[in-house]
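Here is a dialogue on how to read strands, helices and pockets in a model. Look at the structure below before reading on.

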Amino acid sequence: MKVAVVTGASRGIGRTIAEMLAEEGYSLALGARNVEELEKLTEGLETEVFYHYLDVSRPESVDDFASRVLWRFGGVDLVVANAGVGYFGRLEEIRDEDFERMLQVNTLGLWRTVKAFLPSLRERRGAVVAVTSDVSARVFPGGGAYVATKWAARALVRTFQMENPEVRFLELRPGAVDTYFAGSGPGKPKEHGFLKPEDVAEALRCLLKLPPDVRVEELMLRSIYQRPEY
Ligand SMILES: NC(=O)c1ccc[n+]([C@@H]2O[C@H](COP(=O)([O-])OP(=O)(O)OC[C@H]3O[C@@H](n4cnc5c(N)ncnc54)[C@H](OP(=O)(O)O)[C@@H]3O)[C@@H](O)[C@H]2O)c1
């Protein structure tokens with residue numbers, strides 16, 4: 001049975017991807033800080049699940065999580081590096097601690113997560129799904145700091161790919177998604193330009209069915225109600 005790791009699995013996109021992967025028969029290793037939510041999620045999943053506290057902004061937490069996962073399963077086939085946070089404001093207004101937090105989670109957290117599982121992924125010729133954003137290659141006023149952390153994440157994913165050709169790296173770039181992101185909550189109408197997390201999970205489900213010698217490097221998906229901007 002294939003083993004998948006999902007970070008930021010306690011809610012939103014990560015949680016929905018975890019549910020989809022369980023349906024696809026993956027064994028799961030789920031990480032997030034809200035362990036109570038991970039426990040609730042696990043109760044409804046019909047597959048082998050390991051969950052543990054994970055704070056990707058702390059190197060020792062990532063190392064601890066990864067060693068527990070590798071001990072439990074012996075190796076991993078898929079890592080969904082999804083954990084992320086968003087704070088918004090004009091560049092002269094964004095607070096130092098918010099910018100730093102985003103760098104720690106969105107950029108360094110992704111790097112730490114992938115790095116921790118790389119030896120196993122190389123051995124199993126596995127795959128990484130890095131959840132960045134449609135803004136990983138564009139900018140918008142009021143989003144500069146968040147966007148910078150996602151551009152940096154994109155650069156990391158591409159460099160990881162070049163350094164590790166035996167692992168397939170997919171940069172998953174959703175536009176606006178109806179989740180708890182940036183302090184909001186789910187329930188936003190599609191007509192306002194939001195995808196549902198299920199839309200993102202379904203797109204990933206399709207890609208995972210492709211033959212293993214196909215490397216999809218990037219997928220950007222947005223609601224038809226979101227303005228196309230590049
Ligand atoms: N929603 C959107 O419009 C949108 C669009 C494009 C891309 N994205 C990206 O999609 C990813 C998921 O976001 P979402 O929309 O699902 O938001 P969400 O509902 O707020 O979920 C974020 C997840 O990240 C986890 N997380 C946050 N900080 C963490 C940390 N330090 N260590 C481990 N896990 C952490 C949270 O879990 P805990 O709080 O339990 O730790 C939660 O499970 C993010 O990378 C985000 O940037 C979102």
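**Strands, helices and pockets**

Q: Which residue of strand 7 stands opposite Arg-173?
A: In this predicted model, Arg-173 faces Met-220 in strand 7. Strands (E, at least two residues) and helices (H or I, at least four) are DSSP runs, numbered from the N terminus. Residues are numbered from 1 along each chain as its sequence is written, and local features need pLDDT of at least 70, side-chain atom pairs pLDDT 80 or more, while totals for chains, interfaces and linings use all residues. Side-chain values use heavy atoms, with hydrogens and water left out.

Q: How many bridges join strand 6 to strand 7?
A: Two strands pair if DSSP finds at least two bridges between them. Here strand 6 and strand 7 run parallel and are joined by four bridges.

Q: In what order do the strands form the sheet?
A: The open sheet has seven strands in the order 3-2-1-4-5-6-7, with parallel pairing. Strand 3 (49-53) and strand 7 (218-221) are at the edges; each has a single partner strand, so one side of each lacks a neighbour in the sheet. On average, neighbouring strands are turned by 15° against each other, direction ignored.

Q: Which strands does helix 4 touch?
A: Contact means heavy atoms within 4.5 Å. Angles run from 0 to 180 degrees between N-to-C directions, with axes fitted to C-alpha atoms, for helices over the stretch in contact. Helix 4 packs on the sheet and touches strand 1 (3-7), strand 4 (78-81), strand 5 and strand 6; its direction makes about 170° with that of strand 4. Helix 6 lies across strand 4, strand 5, strand 6 and strand 7, at about 150° to strand 7.

Q: What volume does the largest pocket have?
A: Rolling a probe the size of a water molecule over the atoms shows where empty space is left. On a 1 Å grid over the protein atoms alone, where a 1.4 Å probe fits, a pocket is an open set of points with protein on both sides within 12 Å along at least five of seven lines; lining residues have an atom within 4 Å of a point. Points are joined across faces, edges and corners, and the volume is the space filled by probe spheres set on them. The largest pocket has about 1,000 Å³. Its lining has 45 residues, with Gly-84, Val-85, Thr-179, Phe-181 and Ala-182 closest to the centre. Helix 1 gives the most to this lining, three residues.
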